[in-house]
Amino acid sequence: MSVRIAPEARGSSSTVAVTRRAAALQVLTCAVALLYGSAAAEAPRRLEPFPHSPPPPFTLANLDGATVVLGDLRGSPVLVHFFATWCEPCKAEFATLAQLAARRPQIKILAINVGEPAVRVRAFAAAEKIALPILLDADRKVTKAWHVSVLPTTVVLDEAHTARLHVEGDLDWSRDDTVSAIDALTNRKP
Amino acid sequence: MHLTRRTWLKGSASAALATTLPAAAGASTTFAPTPGAWRTFQLVTRLEIAPSAGATQAWVPLPSFSEPDWFKPAGSTWTTNANAAALRKEAKYGAEFVHLEWAKTDAPAVVEVTSRFATRDRAIDLGKPGTVAPLSQAERKLYTDATSLIVTDGIVKTTSDKIVAGASSDLDKARRIYEWVVENTFRNPKTRGCGIGDIASMLTSGNLNGKCADLNALYVGLARAAGLPARDVYGLRVAPSKFGYKSLGAGSEVVTKAQHCRAEIYLDGFGWVPVDPADVRKVVLEEPPGNLPLTDEKVAQARKVLFGAWEMNWLAYNVAHEVALPGSKGPPVEFLMYPQAETVAGRLDCLDPDTLTYKITAKEVAA
């Protein structure tokens with residue numbers, strides 16, 4: 001008999017043999033579950049319709065100190081990705097964001113760091129070999145205006161920059177269903 | 001809500017298992033902080049910032065938290081080549097720090113702050129409620145309100161509600177949250193500094209690992225979401241543990257990297273109660289030989305004691321969140337536990353010794 005154990009890091013889980021003691025624990029936890037009701041089965045995280053009021057346009061500095069205006073990208077779909085250097089799931093997510101950027105170059109990806117000093121973000125980008133544009137939301141104003149309460153969070157804008165999809169938590173951006181969901185709103189044929 | 005079923009069940013089961021933990025008696029070293037003799041320490045914090053093309057500023061936290069029963073600050077002095085240096089007090093929580101300003105110089109900007117304080121162990125007998133001063137309405141609001149990182153709604157509230165459902169008292173709620181954090185979190189040695197404490201992100205991602213500013217912030221947020229006043233206390237370990245816990249003490253007089261954040265919860269009849277679930281997870285990870293099971297005797301002792309007691313081989317800086325640094329062009333810092341500095345290039349990374357060099361030493365001295 002085997003059972004998944006709680007992962008220490010996002011995206012990792014392991015299967016271990018269940019000892020008699022662990023099996024007894026399972027019995028106990030099942031009994032407790034009856035007390036609290038059954039939780040829904042875990043489903044893979046995916047893009048969902050954007051649930052908030054339209055987020056405002058923004059102008060932020062990038063890591064070089066240059067100003068980036070979201071409106072300048074109108075006509076292109078945009079992924080607005082909120083992250084922080086301390087966020088463990090964010091690190092792995094950058095790899096699949098880079099894959100998406102290569103697979104769909106017409107999609108602009110803006111990674112917005114939340115509330116950290118530029119020098120720290122620069123060091124992180126270098127260490128993680130991140131080539132995506134990184135903007136700095138030092139005072140978290142954009143983060144709040146975009147209803148972001150969890151990192152990472154990503155919002156997908158269509159060509160008219162209407163917020164259409166979002167996901168709270170990390171996502172595998174190389175997954176076919178993820179790419180299809182973005183293609184569907186950008187009218188691009190896969 | 002993304003809290004996983006297995007995570008939730010693990011916490012639920014812990015409430016039952018906690019009552020079957022092995023007794024601490026018989027351990028090779030008894031972990032028993034008890035209010036006794038006061039100890040006096042001297043702390044020296046030295047910053048050296050490379051010459052900059054423009055003005056430089058620094059903010060050095062002081063051990064200024066004051067509680068007559070267990071922590072008495074005894075003042076700070078400093079020597080510096082700064083053009084201006086002043087003691088400042090943050091308005092909302094009363095955190096104190098030295099603010100320094102340098103004009104453009106060719107020499108490094110240097111400051112050495114010397115602080116003294118007295119402290120003694122804390123232990124609350126949770127079996128004997130007494131008469132304690134009630135929190136004022138303002139204090140109750142301050143310590144139950146959300147901050148930008150310690151949110152109290154959404155997933156934090158739903159998680160807290162499940163943890164405390166059916167609890168018989170505030171003490172029961174406080175203990176259930178403690179056991180839940182101990183059971184469900186992990187200390188992550190790769191987390192930079194002490195972590196940041198974005199508890200909604202932790203719960204949503206299911207990534208419940210981090211260090212003290214993550215794990216104890218989770219405790220504080222879950223408690224506040226249950227309506228219980230709670231607060232982080234940001235500080236620094238200054239001496240070895242006299243109870244033999246290598247993981248719970250400073251290894252030498254150099255304590256530059258010994259920052260540690262603890263938590264308190266206010267309970268009627270007991271006052272501010274010290275807790276430290278993050279240190280239980282530190283014992284699990286680091287106490288030799290390392291990676292101990294929760295059933296290990298040393299872990300069990302720490303788990304039992306750290307709900308209600310602290311060994312005071314540690315100093316308390318403050319309980320402040322979102323501290324605006326006077327004169328800074330940057331945003332507030334999440335908490336003021338590390339020295340901070342800015343040059344014309346912007347805020348330096350307090351966690352990176354290559355950009356902000358500082359050394360902190362601590363030693364016990366005669367009162």
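This is a predicted model: local features need pLDDT of at least 70, side-chain atom pairs count only at pLDDT 80 or more; totals for chains, interfaces and linings use all residues.

Q: OK, helices. At what angle do α3 and α6 of chain B pack?
A: About 75°. The axes of α3 (residues 154–164) and α6 (residues 212–225) of chain B are 8 Å apart. That angle makes α3(B) roughly perpendicular to α6(B), because 65 to 115 degrees counts as roughly perpendicular.

Q: Which residues make that contact?
A: From α3(B), B:Val156, B:Lys157, B:Thr159, B:Ser160 and B:Ile163. From α6(B), B:Gly221, B:Leu222 and B:Ala225.

Q: Which ones are buried in α7(B)?
A: The stretch has B:Pro277, B:Ala278, B:Asp279 and B:Val280. Then come B:Arg281, B:Lys282, B:Val283 and B:Val284.

Q: What about B:Thr119, buried or exposed?
A: Buried, with a relative accessible area of 0%. B:Thr119 is in strand β6 (residues 109–119) of chain B.

Q: What does the side chain of B:Thr119 reach?
A: The backbone oxygen of B:Trp70, at 2.7 Å.

Q: Which residues does B:Thr119 touch, leaving out those up to four places away in sequence?
A: B:Ala37, B:Trp38, B:Arg39, B:Phe41, B:Trp70, B:Phe71 and B:Met312.

Q: Switching to charges. How many salt bridges over all chains?
A: A search of the whole structure gives 34. In general, side chains of opposite charge can pair when their charged atoms come close.

Q: Start in chain B. What does B:Arg46 pair with?
A: B:Glu112, with the closest N and O atoms 3.4 Å apart. This pair links distant parts of the chain. B:Arg46 sits in strand β1 (residues 39–49) and B:Glu112 in strand β6 of chain B, 66 residues apart.

Q: How accessible are B:Arg46 and B:Glu112?
A: Both are partly exposed: B:Arg46 has 35% relative accessibility, and B:Glu112 has 29%.

Q: Which residue forms a salt bridge with B:Arg122?
A: B:Glu264, and the closest N and O atoms are 2.6 Å apart. B:Arg122 is in strand β7 (residues 122–123) and B:Glu264 in strand β11 (residues 259–267) of chain B, so the pair ties together parts 142 residues apart in sequence.

Q: How accessible are B:Arg122 and B:Glu264?
A: B:Arg122 is at 6% relative accessibility, and B:Glu264 is at 0%. B:Arg122 counts as buried, and so does B:Glu264.

Q: Which residues do salt bridges that share partners join into one network?
A: A:Glu116, A:Arg120, B:Arg192 and B:Asp349.

Q: Now chain A. Which residue meets A:Arg175 in a salt bridge?
A: A:Asp177, at 2.7 Å from N to O. A:Arg175 is partly exposed at 24% relative accessibility. A:Asp177 is partly exposed too, with a relative accessible area of 39%.

Q: Backbone next. Where is the cis peptide bond at A:Pro152?
A: It joins A:Leu151 and A:Pro152, with omega about -5°. A:Pro152 lies in the loop between α4 (141–145) and β9 (153–157) of chain A.

Q: And in chain B, what is omega for the cis bond from B:Pro288 to B:Pro289?
A: Near 5°. B:Pro289 is in the loop between α7 and α8 (297–305) of chain B.

Q: What is phi of A:Lys129?
A: Near 55°, a positive value in a residue other than glycine. A:Lys129 is in the loop between α3 and β8 (134–137) of chain A. With a relative accessible area of 72%, A:Lys129 is exposed.

Q: How about phi of A:Arg140?
A: Positive, about 65°, although A:Arg140 is not a glycine. A:Arg140 is found in the loop between β8 and α4 of chain A.

Q: Is A:Arg140 buried or exposed?
A: A:Arg140 counts as buried, at 16% relative accessibility.

Q: Last one. Where is A:Ala127?
A: In helix α3 (residues 118–127) of chain A. A:Ala127 is exposed, at 55% relative accessibility.

Key. Residues are numbered from 1 along each chain as its sequence is written. Chains are lettered from A and ligands numbered from 1 in the order in which they are written. Side-chain values use heavy atoms; hydrogens and water are left out. Axes are lines fitted to C-alpha atoms, for helices over the stretch in contact, and angles run from 0 to 180 degrees between N-to-C directions. Helices (H or I, at least four residues) and strands (E, at least two) are DSSP runs, numbered from the N terminus. Angles under 35 degrees count as roughly parallel, over 145 as roughly antiparallel, 65 to 115 as roughly perpendicular and the rest as oblique. Contact means heavy atoms within 4.5 Å. Buried means under 20% relative accessible area, exposed over 50%, partly exposed in between (1.4 Å probe, protein chains only). A polar contact is a pair of N or O atoms within 3.5 Å; within protein, one must be able to donate a hydrogen and the other to accept it, and residues adjacent in sequence count only if both atoms are side-chain atoms. A salt bridge is a side-chain nitrogen of Lys or Arg within 4 Å of a carboxyl oxygen of Asp or Glu.
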